Amino acid sequence: MVSTDALVGDGLELGYWLSSEEHAPAALIEHAAAAERAGIRTAMISDHYAPWTERQGQSAFVWTMLGALAQATSDLRIGTGVTAAVHRMHPLVIAHAAATTEVLMPGRFFLGLGTGERLNEDVMGQRWPRPAERRAMLEEAVDLVRALWDGETVTRTDGHFRVERARLYTRPAVPPPIVVSASGRRSAQLAGRRGDAVLSAKPDSDVVDAFEAAGGDGKPRLVQLHVCWAEDHEAARRTVRQWWPNGGIPGAVLGELARPAEFDQLVQALSDEAIQHAVVTGPDPDRYVDAVTRAVAAGYTTVYLHQIGPDQRGFLDFVRRELRPRLSG
Amino acid sequence: MAEQCDTALARRLADDGAQIVEVLPAASYEPAHLPGAVNVPLKDMTLAVLAEREVLPDRPTVVYCYDHECDLSSRAAALLDALGYQEVYDYVASKTAWMAAGLPTEGTAPASERAGTLARPVPTCALDATVGELQDSFGDDDVCVVVDESQTVLGVVRRDVLTLPSTTSVLAAMQPAPPSVRPSITAAELARSMEKDGRSYVLVTTSLGRLMGVLVRSDLDGQH
């Protein structure tokens, strides 16, 4: 029996994104603790091998981070955003790491799973599978992970992943929930069939509807929202250009490039408008309220705010002072 | 010279006693046709057949076929005109538009298997309402449909918006393009398309976008 306690807040929930592409490990720990102090109850942390661009410069190993985050926070519910079961991480290693994390932070961890990006898998030197094949791998991985969490001794001689009499010795009493990332109808249906929740990189009512129709009805729906708070609007836009130009890259391309240098070349060709398009910038809280409202209108229950750039303290203060009061009651 | 007519005029002419003639083959006529329509397929349209089916030259006559892309009604109207019929109307948009407007039909295909009949009432609200005013509006439904005075669909709000501040406007919390189907679609077709497209619900609307009701997947259980 899966507990979804780690996913369910009280009404609309504002979450916080720990961007391990942009921040060093110690800074991420500080940000998580600061978020908790600012009253934020849930966070997600990126699971990357490499940052999107060279300028971002970081990419901590997420499972090491989670061990530290389990100790540095006391109430914050944290999930991976998202882990891919393609080449770099075999599902039995994911199941192992996630089970240990859940034991370290019971009821506070959730496993985000997705079909991955070539950026984080190409280093294994293997063929990059097409989306349909990766969806099949993801579906197989979810079943494998759940079987291991249930204490089964698992052997698989067919399918995408070989497993030889695997069994987890350190297991939580109640397994953590699995959040499946979805960007279109097929992955949303997979999330509805296999997941305990869905995560979208941007609000999309069709994704929510497909998730619900495929079995996700009543389950949490999470969405990421990229923002850049700063006292000065122009300064915020400069920070976006500097730190998160990859936000302007179409989803279909995002998964297909192999190196940060390739993303750097691509973003050079993007207009400023494209880069800023999906980001809420500046000091005006109404812009943030509007964006969160649009996400809720599309059917999402938790909105994870990703503050682009170094100023996390200022942003968390803004959430506490300006944003949360406007979104409650 | 035959005149063209739209759905509203076709309806008025039918109410006023015009002869309604479907010019498609019998296989198309039998499952569903306009109420009181006589079937004279264009390929059989001779004075003898018209007389036998009591389609009289001195009464107003409305001819129709499948839809606006089908030219059979225009050719039939021209032929009737040439045959000396006095007042001929070509209902260009034809049976598809009639059914899409949610108007009744007769025939062997039971109306009970079409979306227009199966659609259930759904809560509605106005665009200028606030989220706080919707607290008791949803009942057992997960969506409330935003409509104007003519019941034209402007969008939907999901129950989830109740988590937003009560002063939030429906305009801000609305999803503007909910999925919709025409009342003429059969339950079996709809069940198949909802499964393929991953839809949990659809609104049933007329071709003018006016709300007739809602259907969720479970309303169509056993239809495919």
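In this predicted model, α1(A) passes α2(A) in a right-handed crossing. The axes of helix α1 (residues 25-37) of chain A and α2(A) come within 10 Å and cross at roughly 35°. On the α1(A) side, the contact is made by A:P25, A:L28, A:I29, A:A32 and A:A33, and these meet A:M65, A:A68, A:L69 and A:A72 of α2(A). By class, this contact has nine nonpolar residues, with no polar and no charged ones.

Helix α2 (residues 62-72) of chain A also packs with helix α3 (residues 91-104) of chain A, their axes coming within 9 Å and crossing at roughly 10°. The two helices are therefore roughly parallel to each other. From α2(A), the residues A:W63, A:L66, A:G67 and A:A70 take part, while α3(A) contributes A:A97, A:T101 and A:L104. The residues of this contact divide into five nonpolar, two polar and no charged.

| Helix pair | Axes come within | Crossing angle |
|---|---|---|
| α1(A) and α2(A) | 10 Å | roughly 35° |
| α2(A) and α3(A) | 9 Å | roughly 10° |

The contact between the chains takes 22 residues from chain A and 16 residues from chain B. On the side of chain A that touches chain B, α6 (185-194), α7 (205-216) and α12 (285-297) of chain A each supply at least two residues. Among these helices, α7(A) gives the most to that side, with six residues. By class, the side of chain A that touches chain B has nine nonpolar, eight polar and five charged residues.

Key:
Residues numbered from 1 in each chain as written. Chains lettered and ligands numbered in written order. Predicted model: local features only at pLDDT ≥ 70, side-chain atom pairs only at ≥ 80, totals over all residues. Contact = placed C-beta atoms within 7 Å. Helix = DSSP H or I, 4+ residues; strand = E, 2+ residues; numbered from the N terminus. Nonpolar A, V, L, I, M, F, W, Y, C, P; charged D, E, K, R; others polar. Axes fitted to C-alpha atoms, helices over the stretch in contact; angles between N-to-C directions. Parallel < 35°, antiparallel > 145°, perpendicular 65-115°, else oblique. Left-handed = near helix turned anticlockwise from the far one by under 90°.
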